[in-house]
Amino acid sequence: MAVVRRFGLPLLLALGLAACAPPPPQLYQERIFVFGTLVDLGIWGAPPERAKAAADQVARDLHVMHRDWHPWEPGPLTELNAAIAAGQDYRVTPSLLPLIRVSLDLERRSHGLFDPGIGRLVALWGFHSDDIHKTKPPPDPGLVAELVAKRPSMEDLIIEGDRVGSRNPAVKLDFGAVAKGFAGDLVLARLRELGIEHALINLGGGLSALGRHGERPWRVGIRHPQGAGILGAVTLESGEAVHTSGNYERYNEYEGIKYSHIIDPRTGRPVTEIVSASVIAANGALADAAATALVVAGSRDWLEIARDLGIELAMLVDEQGTLYLTPGMLERVEFDQPPKSLVVKNLPGATPAGGSPR
Ligand code: AMP
Ligand code: MG
């Protein structure tokens, strides 16, 4: 009895307070500045302490990736690139090796249109800098031609255990076209490991989803390549990612000409025809690399490249505003404004080897 009297009142008060207090927020949000961009992480339906601990761990992971994969801030990747330029090999960090292996496979499947070995060309066009919009004269065409003739590619790498070198010293690795997607995959794996079932991470240009947003799937916008609005919205199933590559993100504008940060490895020049490409895939690294590769492929080759990458959901926008979509993507997108010009094409059947665009 004494126990009841002693605890009775406080217990009732506590219950009463709980009844009046707002329910704990379902969505825990955290913003992290990493990869030169703002990364937004949303965790749905987890107890706040668990969500916070998971978000803190994700932030630590992302900072390690930033340090280990950065193409120009001094770190493991710049050291590897310096060793390659000097004709030496280098022992890579454990976080770099999986990115190298995944990227090499994606380079092959994209017929070399996604080629992280062209870092010297990217740097020559002035994109190894934190300054995302610039006004600099384009490089000397002779220097561009010289680099293209050396055909830098990840195929030149010699990987033995954790030691990496290159047969071709012109290779300079730059994972800017795949790193965010691969990071999204690692973040989802980490969240699952920490018992988080529902989350969305926006890595600037790409999003990866886990589980659902309550009763409905995660629904995200695809940025319009012209202007600040959105082109449309898509839903993402658990584990899926959507990535958009575009020339609006980073560019150089000189004497009225806009030079994209996406370089065609065949010409060494910034792409012109396609202003943005969006890809949904069950894997972030694939969605990210494929979006870049499809910008390079252009309206002529995009379907063959999508097929060889194993992509079924893709959408491209050209300079005239024409949209090119696969039938699967058309079903997924809810357009903000009805598109004026739309081309829907099926993926072609597999063709025998030999039709490589590069
Ligand atoms: P994204 O925004 O994913 O298309 O990535 C573009 C970034 O990837 C550029 O800023 C470059 O650092 C790098 N890049 C440019 N062109 C290519 C290419 N053809 N293949 C691989 N990486 C590229
Ligand atoms: Mg990309």
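## Exercises on salt bridges, a ligand and a buried serine

Arg-91 is exposed, as its relative accessible area is 52% (exposed means over 50%, buried under 20%, partly exposed in between, with a 1.4 Å probe and protein chains only). This is a predicted model, in which local features need pLDDT of at least 70 and side-chain atom pairs count only at pLDDT 80 or more, while totals for chains, interfaces and linings use all residues. Residues are numbered from 1 along each chain as its sequence is written, and side-chain values use heavy atoms, leaving out hydrogens and water.

**Exercise 1.** Find which residue meets the side chain of Arg-91 in a salt bridge.

*Solution.*
- Start with the rule: a salt bridge is a side-chain nitrogen of Lys or Arg within 4 Å of a carboxyl oxygen of Asp or Glu.
- Arg-91 pairs with Asp-162 at 3.3 Å, N to O.
- Now place the two: Arg-91 is in strand 3, and Asp-162 is in the loop between strand 5 (157-160) and strand 6, 71 residues apart. Strands here are DSSP runs of E with at least two residues, and helices are runs of H or I with at least four, numbered from the N terminus.
- Asp-162 is partly exposed, because its relative accessible area is 31%.

**Exercise 2.** Work out whether Arg-332 and Glu-240, joined by a salt bridge, are buried or exposed.

*Solution.*
- The closest N and O atoms of this pair are 2.9 Å apart.
- Arg-332 lies in helix 9 (residues 327-332), and Glu-240 in the loop between strand 10 (230-236) and strand 11 (241-246).
- Arg-332 has 16% relative accessibility, so Arg-332 counts as buried.
- Glu-240 is buried too, with 10%.

**Exercise 3.** Describe what surrounds ligand 1.

*Solution.*
- Count the shell: 18 residues surround ligand 1, each with a heavy atom within 4 Å.
- The closest are Asp-174, Ser-245, His-261, Ile-263 and Thr-292.
- Look for polar contacts (pairs of N or O atoms within 3.5 Å): a polar side-chain atom of Asp-174 is 2.7 Å from an oxygen atom of the ligand.
- A backbone N or O atom of Asp-115 sits 2.8 Å from a ligand nitrogen.

**Exercise 4.** Explain why Ser-260 counts as buried.

*Solution.*
- Locate Ser-260 in strand 13 (residues 257-260).
- Ser-260 counts as buried because its relative accessibility is 1%.
- List its contacts (heavy atoms within 4.5 Å): beyond four places in sequence, they include Phe-127, Tyr-251 and Pro-270.

Key:
Chains lettered and ligands numbered in written order. Near = heavy atom within 4 Å. Polar contact = N/O pair within 3.5 Å; in protein donor to acceptor, adjacent residues only side chain to side chain.
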